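Biologist: I would like to learn how to read aromatic rings in a model. Could we go through some cases together?

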Amino acid sequence: MERSMEPPAVPEEEMMPLSVAPSPAGCQLFGYVGIEAVLDQMKIKTMKTGFEFNIMVVGQSGLGKSTMVNTLFKSKVSRKASQPGQEEHIPKTVQLQSVTHVIEEKGVKMKLTVTDTPGFGDQINNENCWDPIIKYINEQYERYLREEILITRKRKIPDTRVHGCVYFIPPTGHWLRPLDLEFMRRLSKIVNVVPVIAKADTLTLDERAEFKQRIQEDLKTHAISVYPQEDFDQDPDDRVLNDLIREKIPFAVVGADQEHQVNGKRVLGRKTKWGIIEVENPAHCEFPLLRDLLIRSHLQDLKDITHNVHYESYRVRRLNESNRPGPSPHNGPPGKGGDGSDL
Amino acid sequence: SPCFGLRKDTSDDLRNLSLSGHVGFDSLPDQLVNKSTSQGFCFNILCVGETGIGKSTLMDTLFNTKFESEPATHNEPGVRLKARSYELQESNVRLKLTIVDTVGFGDQINKDDSYKPIVEYIDAQFEAYLQEELKIKRSLFNYHDTRIHACLYFIAPTGHSLKSLDLVTMKKLDSKVNIIPIIAKADTIAKNELHKFKSKIMSELVSNGVQIYQFPTDEETVAEINATMSVHLPFAVVGSTEEVKIGNKMAKARQYPWGVVQVENENHCDFVKLREMLIRVNMEDLREQTHTRHYELYRRCKLEEMGFKDTDPDSKPFSLQETYEAKRNEFLGELQKKEDEMRQMFVMRVKEKEAELKEAEKDLHEKFDHLKRTHQEEKKKVEDKKKELEEELNNFQKKKAAAQLLQSQAQQAGSQQTKKDKDKKKVFPFLPKKWRAMLSL
């Protein structure tokens, strides 16, 4: 804004850090006030409005993306690309498909949107196959921005921004391919990228460990910052927890949506001739870790980082650009370069 | 060629899915709340009321503490707002509480403008937030929110009706802040009078169209208690930090010779109800209403005032920033135009003045020339005269010389004349010798 920020019209403002905390013995010094009730008040309100969560899955066809999503959310969220008896249709170009569902658990309503990217990495020439994805992500930011700058705005702005992008790495066991690097490098600048090793049941535990090691090195060498990003750790507790997570990513996952009988229990798993791979068994695969990260512990964090960091970056770029007239290249709203290189 | 196509699976739009197992996102409210607890909450209360009506005492009583403050005098020339911030902690909740006091309210003889500093303060907090929101590089998630979440309006316990100052002030504030009216020092009103007083106040508020804060009744968990409490508005409160022994317990109370008024006894006053409503039940709703209703209204009015408009969805949308830039350029252009106009006018005036001055100068020159000529003529005349006179003098001198010659000739032939001379001398005894000579006497 042009004019300088006027300070609030308070002739005397005194910030007194007078901390009135209960004495260490646990009994209140003066008496109970009831301030902590605000936490419950907040919970009730958020449960009433419900939550939105938007996740994108990226990877070549056949890596089990749809199965993974269904396993994560324990329901038929995505329709699998290849149904038995049908020819799988691989689109000639990357097509983005979004499906929205409302799921509820213990009174908590969640509007879940899963965006699939069939065609990614499936062509002979995959140059710029990330462009439609980048464009889509930026378009969601644009949509939100437009709502936010309206004069009369909605009480709750609908959030279609991608909160997490799960990237499926084929279980080659060697290194990250150029496509993987290119994609993750570009996208980690505008969205939370969660890389996973797909179909990890083809790797032994040792192979898995080595593969992870190499991937981590690769990511570091190329300065690719995947979720949880080191820069955004809020406090020391967060840092400790996130360091643990960073040591283990990318999670090696196996997806399954069929139940089998193991030791008298019904478990989700993949049945092979040599055994049943239990999806939720941490000894078999790291699916539980992925689920905990994405849903049980870091879901709100994914949304917060999307809103406070990625969206804000987009907004800064966009607002700065609109001062410069003229068309801009191929991707998404004006001014956004194809590879995010104008950052 | 465009390679992007978004196909929405329309048949599955927003269908409710049933889950076959525990997914775990029921922890979401906890995740959200945990974030807030680590950051802390802001809550800002504005106390509007006359000096000495018990605002500070009530705050101390509500929050079970002693906030440092000096009692105000009654000599304030106008109303000013004093804000003080405190950090309170209860279990794992950190509350950044700001209490804003209206110092000098109701003390002046002329109270016409009393409400203005209050409105200005509230607006200033909205403005600060709006400024932050409109910045290009902004940090809203750790912004220290100073917007007023609740306004406690202290009504004096006259027992009759609202003062006109109260009505005017509340009317000015009701679209900007959540107003909770309370009757202060309620221990000075008898119970039967209190009921009448409350009814009178509420009906006056309604008939004057004052919108006070409505305790929310749309959520089932709080609907009942909010509805029950609303009936008792305005809350008749008594504040005290002194403790008095009641039975075998110590309780906050005010001790009189005729009895003890217990603050937390619901038969004695509505303090407990106020605490319930303000803090324990609706604190979050007060914050939410401030942000989604009062602030949005301020923002909309402010932006409309500046000339911004929302475009219809079909046309090319423009960003706030672009419009702002355009407006700014327009404004600068106007400024420039004005400046040019002024400069032109100035130049014109200067020219005019210059012309005037030249004219005057010309006149002066003419006058001067004229004078000079006149002077020269005069001079000539004088010189001519001088010449004439000199000639005359010369002539006279010649005549004189001739006369003397004649006289000397006459003397030689006229010694007989001496007797005559003597006689003449006797006749003209005062004539000088020269003259005698000239006159031949």
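**Rings and their neighbours**

Modeller: In this predicted model, the charged end of Arg161(A) lies over the ring of Tyr144(A), 3.6 Å from its centre. Chain B has a case too: the charged end of Arg147(B) sits over the ring of Tyr295(B), 5.0 Å from its centre.

Biologist: How is a pair of aromatic rings described?

Modeller: By the distance of the centres and the angle of the planes. Over all chains, the count comes to 14 aromatic pairs. One of them joins Phe126(B) and Tyr295(B), which are tilted, at 6.1 Å centre to centre with 50° between the planes.

Biologist: Where in the chain do Phe126(B) and Tyr295(B) lie?

Modeller: Phe126(B) is in helix 3 of chain B and Tyr295(B) in helix 8, so the pair links distant parts of the chain, 169 residues apart.

Biologist: Are Phe126(B) and Tyr295(B) buried or exposed?

Modeller: Both Phe126(B) and Tyr295(B) are buried. For a stacked case, take Phe215(B) and Phe235(B), with 6.2 Å centre to centre and 25° between the planes. Phe215(B) is in the loop between helix 5 and helix 6 of chain B, and Phe235(B) is in strand 8, 20 residues apart.

Biologist: Why does Phe235(B) count as buried?

Modeller: Because its relative accessibility is 0%, and buried means under 20%. Phe215(B), with a relative accessible area of 5%, is buried by that cut-off.

Biologist: Which residues do ring pairs link into a cluster?

Modeller: Ring pairs connect Phe126(B), Tyr129(B), Tyr143(B), Tyr295(B) and Tyr298(B) into a cluster.

Key. Residues are numbered from 1 along each chain as its sequence is written. Chains are lettered from A and ligands numbered from 1 in the order in which they are written. This is a predicted model: local features need pLDDT of at least 70, side-chain atom pairs count only at pLDDT 80 or more; totals for chains, interfaces and linings use all residues. Side-chain values use heavy atoms; hydrogens and water are left out. Rings of Phe, Tyr and Trp (its six-membered ring) pair if their centres lie within 6.5 Å; planes under 30 degrees apart count as stacked, over 60 as edge-to-face and the rest as tilted. Helices (H or I, at least four residues) and strands (E, at least two) are DSSP runs, numbered from the N terminus. Buried means under 20% relative accessible area, exposed over 50%, partly exposed in between (1.4 Å probe, protein chains only). A charge sits over a ring if NZ of Lys or CZ of Arg is within 6 Å of the ring centre and within 35 degrees of the ring normal.
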